[in-house]
Amino acid sequence: MYIFLIGIIIMSYTMVMAKRMTSLVASFRMQSLFLFLATFFMAMKEKSAELYIVAGLLLLLKVILIPKFLSDIIRKLKMEEGIGLFLNPLVSLLIAVFLTYISYVFTTRVITFASASQAFSFSASLSVTMIGLFIMIFRMKALSQVIGFLAMENGLFLVASTVSGGMPFFVEIAIFMDVFVSVVIFGIFIYRINKLFTHIDVSKLNTLRR
Amino acid sequence: MESLFIIIIAPMVSGIITKVKNNLRMRVGPGVFQPYYNLIKLFYKEEVVSDKTSWIFSIAPSIVLASVVLAALLVPIFTITPYAHHVGEFLLIIFILALGRFFLALAGLDAGSSFGGMGSSREMFISSLAEPAAILSIFAVSLNAGTTNLGAISSAHAVKFSSIAAGLSLLMVAIAETSRIPIDNQETHLELTMIHEAMVLEYSGRSLAFIELASHIKQMIFFSLIANILFPFAVLGGNIVFGIAAYILEILAISAVVGFIEVSVAKMRLFRVVDFLAFSFVISLAAIVISIMGA
Amino acid sequence: MGNFFDIRMSFLFDPLAVFFLSVIFLVSLPSAVYSIGYLAKKYSPRKIAYAWFLLTAFIISMALVVSVASALTFLIAWEIMSLVSYFLVVFDSKEEKSVQAGVIYLVMTHVGTAFIMAGFLIMHKYANSFDFISLKQASAIMPSSVKNIVFLFLLTGFGTKAGIVPFHIWLPYAHPQAPSHISSIMSGVMIKTGIYGIIRFVIFILGVDSMWWGSLILVLAGVSCLVGVIYALMEHDIKKLLAYHSIENIGIILLGVGSSMVFLKLNMPGLAIFSLIAGLYHLINHAVFKGLLFLCAGGVYSATGTRDIERLGGLIKKMPLTAFSFLIGAMAISALPPLNGFVSEWLTLQAFFVASLTACTAGLKIFFSLCAAILALTGGLAAACFVKAFGMVFLAMPRSKSPENASEVSLSMKTGMLFLVFFTIALGLGAGFVFRLLKVVAQSVASCDIGAVKLSLNDFMFLEGQASGVNLSTPLVALILGAVMIGIYLGFGRNKIRKYNTWDCGYYKLGSRNEYTATGFSKPFRIAFNFFLMPYTRTEKLRKSFYYIRSFKYETFTTPVFKKYMYYPLIGMIFTTAKFMRRLQSGSIHMYISYIFITILVLIIFMNKF
Amino acid sequence: MNILFILIVPFILAVLPSVVKKPRLLGILNSVGYLFVLLCSLWLVLKPDMVVSPSRFFYIDALSIFFIFTISIVTFSAALFSVDYIERDISSFFISRNKARAYYTFFNIFSLSMFFVPMVRNLALGWVAIEMTTLASAFLVGFYNTKSSIEAAWKYIMVCSVGIIFALFGTIVFYYASSCVGVKNLNWADMVSASHSMDKNLIKIAFLFILVGYGTKAGLAPMHTWLPDAHSQAISPISALLSGVLLKTAIYAILRFTIITNECVGSDFSSKLFIIFALISLGVSAGFIIIQKQMKRLLAYSSIEHVGVIFLGFGFGGVIGLYGALFHVLNHAVTKSLMFFGAANIIKKYKKDNMNIMRGVISSMPFTGTMFILGMFALIGMPPFSIFFSELLILMAGLGKGLYLASGLYLFFIALIFGGILFHFSKVLFGDKPDGMACAKEGASVKIVFIFLFILTVVLGLAMPGFLNKIIASSVAILGGA
């Protein structure tokens, strides 16, 4: 169990470290894979059919479809080059680690969990979420923001599946659909931005002020 | 009766003042009846009226005269209660005089000459600054008497220090109001230094006579106010003969003082007048404080 | 549940309300009549219909303000009144000036209303009802600290509407911009609703709780008197001049009201009633003669098309009736007997005198005599100011082209003016009668009966120890004056008269350029009060070459103290803060997301603080 | 049953454009449909007790009915306003006919998802619905496909998604907390009943996330940053929908969670947070309104202000505060839509959105100008319009609670905003109209919309209908002010 969680966190670190869009997507795929494994593990442990289906959906969407979609975008928009950093990877890594520490401390201080594993996975997911947000803040390109967003969602799924043993089934499905739709819409907007501005550097989108 | 007395002897007082001044200057000077001669002369002279003027100009003199006559009715002379004490009391005197001044100032503006405008501007300036001092000084005395009724005031027997101070400030006000040196100079012939004279510059003949008479009476009113406030001997014991005598003596004394001041100080610049009147205001305020302290 | 406040119309027609209603209609009626002629001259039929709609709405809202019986309905009527008057201020909506004036006016009055609202709601906390009567009962259980706060709030709010210094700045903007008949209503009546508020909510409902209330009002009133009249002296726009005089007269009214509050606290009912009467009397007087003056000013404006008195003159020949009405109004406002302004100022002065004759402490005695002095000074300055106004507008020769081909105003305008002229005189001569009426009003407000104290205009005395009373009978004054004047005419008449030029020192062509100007007239005052006005001059040389100056321009200004040292810094502060905050919305989405990040972090860290 | 009507009608209308080709006909059908929806919701309001939540999927009580009613009012007027607006857009070649049909599709999806929010029983599904509103409206924000609109849409969708993610996080934590005490479904009612025994800290954390998340959507400062961009760039009827009701749906969601939280940890926690955020929002909006140049952005900031006012009311709490806040929700929806429609007309007429150069609206377009100035006075809280009363109620609650500092700040900011709005708009409204500009004639539908909304503001202010009063009162009871 722990190995998956650690893997997820490591993957988010690599996402923070990533200099190229492709590597970002790849590490996201890896993270989703670990997430899938974690969920699968939970499913086996709890022997709940719903969690199996959820895991399957994870595999389908987050490991296969969405990364493929993203890399399509990358290829179409020809932007394998750098993803535009506000902070250099090492500093961001430090911050990411710090975030992990904070969320761990916070979790252990404030909340009392049934089991240590729950506490650990909660802190892990919290840190993953935070790191995803961090990626959204400190990466310039639109696509990297999308990936950060997806990373945050991974964190959420981690909580949902591991800590609280899976949400009600149709809720999960709905959320999946929602995520998928939103990613698609993000993609559409990325295309539009690229068409209008001939770049997807959203840090340059600052005409609307005051 | 008494008011008629005032109106009649009013010009003579100005004559006396002139006499005193001349004597102090080692001159003979005109007799004390000279003002009467002037009035009569003006009264029968032909009147020249500017064609720019309106009805304001022509009714102003009579209003002025009427106002001072009414004011004269309100002043206690040598009996306790003035004739028109049903009409009002000393505040009314101030306001009535203001009425006359208002119309005179308008008349000064009416002809459209710059002297008239200058005169009325300065006149309103001085009088508006003088008003608080006048009111407060009389009020200080009424604090002593415990009433604002003039008759009652002048029947108050004890002479207090505060009332002397009040009388002093009232004297300064009177100097300002009756356009005497150091505020104004009645005898000047240079328009730019005039205040009152400049305002009535356009008047001639009978109207001028009215205005002159009015200013004499006004001066008389102030003097008798001072007299009855400073030393309410006039009504001591109610012996009418004694009262009249005392009153006349006081009036003579005051006019002597005024004349002495006129020859002994030089005329002020217009904007020093502010300090002069502020000083009189402070004195009257001091008088109030003193009288509250009970002296 | 749900109806926390009932917006049911409940009225309270006690003497105070009736008094104010009568004031409202006394001024609104002639102004409405006047407006017939006034509007027809300037505006299109649609605009005229609009104006009539607004006028009726305005009058109704004012009537509601003074007659409703619940604080909530009062608040609503109050705001509607402000709204309608705003629309009236921006009536000439094409002009940038009137729009700006409207903004200043509405913002000021709204800030005032915010204070009033807060005060009401704090009272409502104790009463659990907006009804006047229950508020009055609740004020008994209010702790005095709360009472003080409520008083300050109400004073600020109503003072803003009444235009007492330093909340007066909207007044000289708003009043001149409205059409003249509206200016007369606004300046004559609307600002009085502020006084109504103070009387109704402070004296009647809250009850005078501590000494400093009245004293504070007295101080503010004195300041308002002087500031108003001094600015009026410096002002050359006729309608602005009148607006500043409204500030002054509000000060005089409040002198009466404030002293009555002091006496109520000192438990001297007789004096309290008396000075309240003085205040109310001046209130109605000011309504009448200020309305009259504004109507006349409007007549002059519509006849000549300018409000700058430096460019007017000689109108007494062109429009005699307007001149006469203006003269009456001017005499009244400069407190000349036997007109109404004189009566009320006389009453106020008497109140001060008797007060300091009978007041307990020496400090109060001196304080009151100072108030009297201020009032006297104000009266003198006002007289000077109106000599200037009347002289420059109506007397001598026209100072520019515009007044030369002026003509007398139309019939309806004349009617409006004459109506008010009549009341100006009537309120002066019928003083005794009016006094008796106002006594009823004042007694009902202060809710104390003074049957014991002998109190009538002729011969009133407050304490037994007093030697004898003082009298005033304006009819007798008028009678004697008239008699003497007639006597003079009958006795002497006038001997032969020769029309000739004005004395010109032998200068051959004396023209309107030689006339004394308003600026020149007010110069002595400008120099006397330079510590407050801070006059400064600007000279400008239009030169052809370095050596040859074609013309030389010399202007003199006065510093608007309150705006410069009170309002501009405040506004500047607000704007700098806003400009600083602008950086929040920098346009960078990363920054936006980081806001969320920071917020959540802060919240989590300080979670247990909440 | 009619709940289903309310949901079905927008759905039908959403698929309609694929059949009907004429934009005008579409618009008319649209408005008719929403009139029907409005009537249905009115029926709900009139007979709240007859409502039975039809399935395990829906949950309807007074609170949701109130919000449904608000939404239906604004959607109806927006639909009616769109008819003319889209017509003019087409005739002036801003958009193609197909684009117009796309507009109607998204319009309906958007409103459908908004109708979902107050109906669903399950909190997570509520979250899904709100996310759907974001996604649907993103297209409408970026509708004109210009640089600025796309930029606005991107910011809108990104910021809101981040916020919404936090909201989901909070929801999951709520779920965890409730599952610890055995409630394994996310149904609101069950969670409320179970809330006493939940873990306080967990609930607190969860509520923080919920507040920040949905607060982003509701436009609370400092998470408000997407709002002015989206509102100003969106196509105008949609701006009305956005600020009129979209924010309100987020508020509704927050309210649902607040009830659980108050049950669990007591009301101080939430009310303190509400007051703090509300005051921040008021301050921020005041500052930006004062220096604002564009009309629609100014209106957007004033929406932030009013959201702040609403939260202030919820924070002050008590019967009066809650009542005032809910009342304010309705008032703001109505008034702000009126204002946005007015702004839409004005901007169309002047072809620019810079208040420093627009002048003389009253003379150039009398009807819109009049409505706009009246709406302005309604917006800045002048009687006899309704907002005055709700703001008065909220102030009353604050002073009644003895929160003098908060109330004082509230009054201060309100006064600032009053000044700012009055200053900007009076410049625009009065003055001389640009020469050569003809007087505008508005279409009948537009006039109907304006008059409908205006009458609503006045009626709500002076004579609130009893049934509405009743529904608000019972919602207050649900919110625990009793």
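This report walks through a predicted model with several chains, from chain folds to the contacts between chains.

Residues are numbered from 1 along each chain as its sequence is written, while chains are lettered from A and ligands numbered from 1 in the order in which they are written. Because the model is predicted, local features need pLDDT of at least 70 and side-chain atom pairs count only at pLDDT 80 or more, whereas totals for chains, interfaces and linings use all residues.

**Chains A and C**

Let's start with chain A, which has seven helices and zero strands; its pattern along the sequence is α-α-α-α-α-α-α. Helices (H or I, at least four residues) and strands (E, at least two) are DSSP runs, numbered from the N terminus. Chain C has 22 helices and three strands. The radius of gyration of chain C is 27 Å, close to the 25 Å that the globule rule gives for 610 residues, so chain C is as compact as a globular protein of that length. For chain A, with 210 residues, the 17 Å radius agrees with the value near 17 Å for a compact globule. The radius is taken over C-alpha atoms, and the rule is 2.2 Å times the number of residues to the power 0.38.

The table sets out further values for these chains.

| Chain | C-alpha box along the principal axes | Buried residues |
|---|---|---|
| Chain A | roughly 50 × 35 × 35 Å | 51% of 210 residues |
| Chain C | roughly 100 × 80 × 55 Å | 58% of 610 residues |

Here a residue is buried if 20 or more other C-beta atoms lie within 10 Å of its own, exposed if 12 or fewer, and partly exposed in between, with C-beta atoms placed from the backbone. Two residues are in contact if their C-beta atoms, placed from the backbone, lie within 7 Å. Among contacts in chain A between residues at least 6 apart in sequence, 73% join residues at least 24 apart; in chain C, 79% of the contacts with a separation of 6 or more come from residues 24 or more positions apart.

Chain C is assigned domain 1 (8-205), domain 2 (210-495), domain 3 (516-557) and domain 4 (562-609), with bounds from an automatic or database domain assignment. The C-alpha centres of its domains 1 and 4 lie 36 Å apart.

**Two buried helices**

Helix H5 (residues 116-138) of chain A has 23 residues and spans 32 Å between its first and last C-alpha, close to the expected 33 Å. The expected span is 1.5 Å times one less than the number of residues. Since 19 of those 23 residues are buried, H5(A) is largely enclosed by the rest of the structure.

In chain B, helix H7 (residues 161-177) reaches 24 Å with 17 residues, close to the 24 Å expected. H7(B) is also largely enclosed, because 14 of its 17 residues are buried. After H7(B) comes Ser179(B), with a positive phi near 50°.

**How the chains meet**

Of the four pairs of chains in contact, chains B and C share the most contacts. That contact takes 69 residues from chain B and 67 residues from chain C. H5(B) gives the largest share of the chain B side, 17 residues. By class, this side has 38 nonpolar, 21 polar and 10 charged residues; Ala, Val, Leu, Ile, Met, Phe, Trp, Tyr, Cys and Pro count as nonpolar, Asp, Glu, Lys and Arg as charged, and the others, Gly among them, as polar.

Strand S1(B) runs parallel to strand S1 (residues 497-500) of chain C, joined by four bridges; strands pair if DSSP finds at least two bridges between them. Ser50(B) has Tyr500(C) as its bridge partner in S1(C).

Elsewhere, 11 residues of chain C are in contact with 12 residues of chain A. Chains A and B do not touch, their nearest C-alpha atoms being 56 Å apart.
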